[in-house]
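Please read them with the structure open beside you.

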Amino acid sequence: MNMPGEWLGSGFMGSLQKFPDRPAIEVGDETLSYSELFNRANAIANILKANTCAGEPSLTGVLASRSVTAFAGILATLLRGYGYVPLNPRFPIDRTRYMVESAG
């Protein structure tokens with residue numbers, strides 16, 4: 001995926017090119033290399049792209065606890081050129097509802 005030179009994930013993409021097999025993220029007992037994290041994020045980005053309707057807000061909610069999947073979801077939104085709204089399943093429902101409604 002081609003991205004502009006300056007974007008939030010450009011540091012990640014540089015590390016992916018230079019160190020594809022080095023660990024990129026470790027959460028608990030799960031570790032992913034830069035290439036593994038990119039592949040997981042790219043798969044999520046493709047699913048999101050296939051299920052996005054024209055005219056939808058350029059924000060994606062990521063409802064997840066701290067995990068490699070959560071970080072892959074965040075990276076996926078960035079790969080799409082979207083921003084993300086971090087949503088924590090431990091937050092009260094009213095707070096999450098407010099955040100989602102405010103984000104559109």
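1. Which residue takes a positive phi in the hairpin of β1 and β2? With 2 residues between the strands, the hairpin has G28 at a positive phi near 60 degrees. The strands on either side, β1 (residues 23-27) and β2 (residues 30-33), pair in the antiparallel sense over 4 bridges, and within this pairing E26 stands opposite T31 of β2. This is a predicted model, and the points below should be read with that in mind.

2. On the overall architecture, the protein chain holds 4 helices and 4 strands, and their order from the N terminus is α-β-β-α-β-α-β-α. The C-alpha trace spans about 40 × 35 × 25 Å along its principal axes. Of the 104 residues in the protein chain, 31% are buried. The accessible surface comes to about 6900 Å², and carbon and sulfur atoms account for 53% of that area. Among contacts with a separation of 6 or more, 55% are between residues 24 or more positions apart.

3. Turning to aromatic pairs, a search of the whole structure finds 1. F12 and Y34 form this pair, which is tilted, with 5.5 Å from centre to centre and 45 degrees between the planes. F12 belongs to helix α1 (residues 10-18) and Y34 to helix α2 (residues 34-50), so the pair ties together parts that are 22 residues apart in sequence. Both F12 and Y34 are buried.

4. Is S15 buried or exposed? S15 has a relative accessible area of 18% and is therefore buried, since the term applies to residues under 20%.

5. How many salt bridges does a search of the whole structure find? The search finds 2. In one of them the side chains of R40 and E30 meet, with an N to O distance of 3.6 Å. Because R40 lies in helix α2 and E30 in strand β2, this pair ties together parts that are 10 residues apart in sequence. R40 is partly exposed at a relative accessible area of 29%, and E30 likewise counts as partly exposed, at 32% relative accessibility.

6. The salt bridge between R97 and D94 has its closest N and O atoms 2.8 Å apart. Here both residues lie in helix α4 (residues 93-103), where they are 3 residues apart, or about one turn of the helix. R97 counts as partly exposed, at 43% relative accessibility, whereas D94, at 58%, counts as exposed.

7. R80 lies over the face of Y82, at 3.9 Å from the ring centre. The charged end of R95, for its part, sits over the ring of F91, and the distance to the centre of that ring is 3.9 Å.

8. Where do its contacts lie, once neighbours within four places in sequence are left aside? T77 is then in contact with L48, T60, V62, Y82, G83 and Y84. One of these, Y82, is the residue whose ring has R80 over its face.

9. Finally, G61 lies in strand β3 (residues 59-63) and counts as partly exposed, at 48% relative accessibility. Its C-alpha atom is separated by 4.6 Å from that of V85, although G61 and V85 are 24 residues apart along the chain. Not counting residues up to four places away in sequence, G61 touches V85 and L87.

Technical notes: Residues numbered from 1 in each chain as written. Predicted model: local features only at pLDDT ≥ 70, side-chain atom pairs only at ≥ 80, totals over all residues. Heavy atoms only, no water. Phe/Tyr/Trp six-rings, centres within 6.5 Å; stacked < 30°, edge-to-face > 60°. Buried < 20%, exposed > 50% of the residue type's maximum accessible area, 1.4 Å probe, protein only. Lys NZ or Arg CZ within 6 Å of the ring centre and 35° of its normal. Contact = heavy atoms within 4.5 Å. Pairing = 2+ DSSP bridges. Salt bridge = Lys/Arg side-chain N within 4 Å of Asp/Glu carboxyl O. Areas by Shrake-Rupley, 256 points an atom, 1.4 Å probe, with all protein chains shown as cover.
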